[in-house]
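Here are my notes for your first look at this protein. Keep the viewer open as you read, and find each residue as it comes up.

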Amino acid sequence: MTRKRCLPGLILLLCLAGCMPPGSGTGSPPPLARTALADGAVVVAGAEGYCIDPVTLSRRKDRDFAVIASCNILSGGTTGRVVAPVMITVTVGTLDPTPTLPAPAMLAQEAGQTLVRGDTRNGLVVAQLAGGGSDLLEGGDPRYWRGAFVQNGHMVGLALYAPQGSVLAGPDGAAMLRAVHEQIGRLSPSGLTQ
């Protein structure tokens with residue numbers, strides 16, 4: 001098989017299919033342990049064993065974006081321990097003086113999907129959706145998770161995609177989103193006003 005670079009946003013799909021992951025080719029930037037978005041107001045990092053794909057970073061006027069995946073997969077096996085494959089997207093909106101968290105049903109409605117389960121706890125709303133996960137991720141489980149929370153006046157949206165049958169597409173996905181939420185809260189500046 002010839003070596004080729006996976007496309008951003010399809011990291012997990014292509015890596016599972018045998019493509020060389022981002023960061024594995026010569027000249028590819030290494031995965032990041034963390035990155036600052038929204039002019040430093042939101043510091044994004046994954047749970048232990050998960051990194052940010054630098055190729056996916058996008059900073060725009062209306063939103064910032066990053067993808068979290070296995071450090072081991074992103075580095076082509078050179079760094080990080082082996083962890084369950086998953087792709088988590090992080091979208092950070094613009095500063096809002098009065099941000100309001102959506103209910104789980106609203107997250108499902110916005111995605112045009114059926115809500116399987118959801119809850120709001122410790123400032124994080126999570127929703128497991130019945131379909132749509134395999135639309136982005138070939139070989140992915142149709143079920144996927146969405147989440148939202150407010151960090152320093154910015155709405156942060158999360159989406160978690162996992163392979164077919166993965167425990168992360170099931171109930172364990174909520175725990176993974178909670179771990180990402182906790183990391184971002186711990187690393188981001190506190191009491192920041194912009």
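**Notes on the structure**

1. Let's begin with a ring. Tyrosine 144 is buried, because its relative accessibility is 7% (buried means under 20% relative accessible area, exposed over 50% and partly exposed in between, with a 1.4 Å probe and protein chains only). Tyrosine 161 is buried too, at 11% relative accessibility.

2. Before going on, a word on where the values come from. This is a predicted model, in which local features need pLDDT of at least 70 and side-chain atom pairs count only at pLDDT 80 or more, while totals for chains, interfaces and linings use all residues. Residues are numbered from 1 along each chain as its sequence is written, and side-chain values use heavy atoms, with hydrogens and water left out.

3. Back to the tyrosines. The count of aromatic pairs is 1 (rings of Phe, Tyr and Trp, the last by its six-membered ring, pair if their centres lie within 6.5 Å; planes under 30 degrees apart count as stacked, over 60 as edge-to-face and the rest as tilted). The ring centres of tyrosine 144 and tyrosine 161 are 5.0 Å apart and the planes meet at 10 degrees, so this pair is stacked. Because tyrosine 144 belongs to strand β9 and tyrosine 161 to strand β10, the pair ties together parts that are 17 residues apart in sequence (helices, H or I with at least four residues, and strands, E with at least two, are DSSP runs numbered from the N terminus).

4. Next, a covalent link. How many disulfides does a search of the whole structure find? It finds 1 (a disulfide is a pair of cysteine sulfur atoms within 2.5 Å). The sulfur atoms of cysteine 51 and cysteine 71 are 2.0 Å apart, and their link is right-handed, with 90 degrees about the S-S bond. Cysteine 51 sits in strand β3 (residues 50-52) and cysteine 71 in helix α2 (residues 71-74), so the link ties together parts that are 20 residues apart in sequence. Cysteine 51 is buried at 10% relative accessibility, and cysteine 71 is buried at 7%.

5. Now look at leucine 37, in strand β1 (residues 34-37). Is leucine 37 buried or exposed? Leucine 37 is buried, with a relative accessible area of 0%. Beyond its neighbours within four places in sequence, leucine 37 is in contact with residues including Val42, Leu57, Phe65 and Val92 (contact means heavy atoms within 4.5 Å). From leucine 37 to arginine 63 is 26 residues in sequence and 9.1 Å in space, C-alpha to C-alpha.

6. Valine 43, in strand β2, is buried as well, with a relative accessible area of 11%. Which residue lies 140 residues from valine 43 along the chain, with 8.5 Å between the C-alpha atoms? That residue is glutamine 183. Leaving aside neighbours within four places in sequence, the contacts of valine 43 include Arg34, Ile184, Leu187 and Pro189.

7. Most residues other than glycine have a negative phi. Aspartate 39 has a positive phi of about 55 degrees; aspartate 39 is in the loop between β1 and β2 (42-45) and is exposed at 81% relative accessibility. Asparagine 122 has a positive phi near 50 degrees; asparagine 122 is in the loop between β7 (115-121) and β8 (124-129) and is exposed at 69% relative accessibility.

8. Finally, the largest pocket, which has a volume of about 310 Å³ (on a 1 Å grid over the protein atoms alone, a pocket is an open set of points where a 1.4 Å probe fits, with protein on both sides within 12 Å along at least five of seven lines; lining residues have an atom within 4 Å of a point). Among its 19 lining residues, Thr91, Arg146, Gly147, Gly157 and Leu158 are the closest to its centre. β10 gives the most to this lining, with 6 residues.

Key. Points joined across faces, edges and corners; volume = space filled by probe spheres on them.
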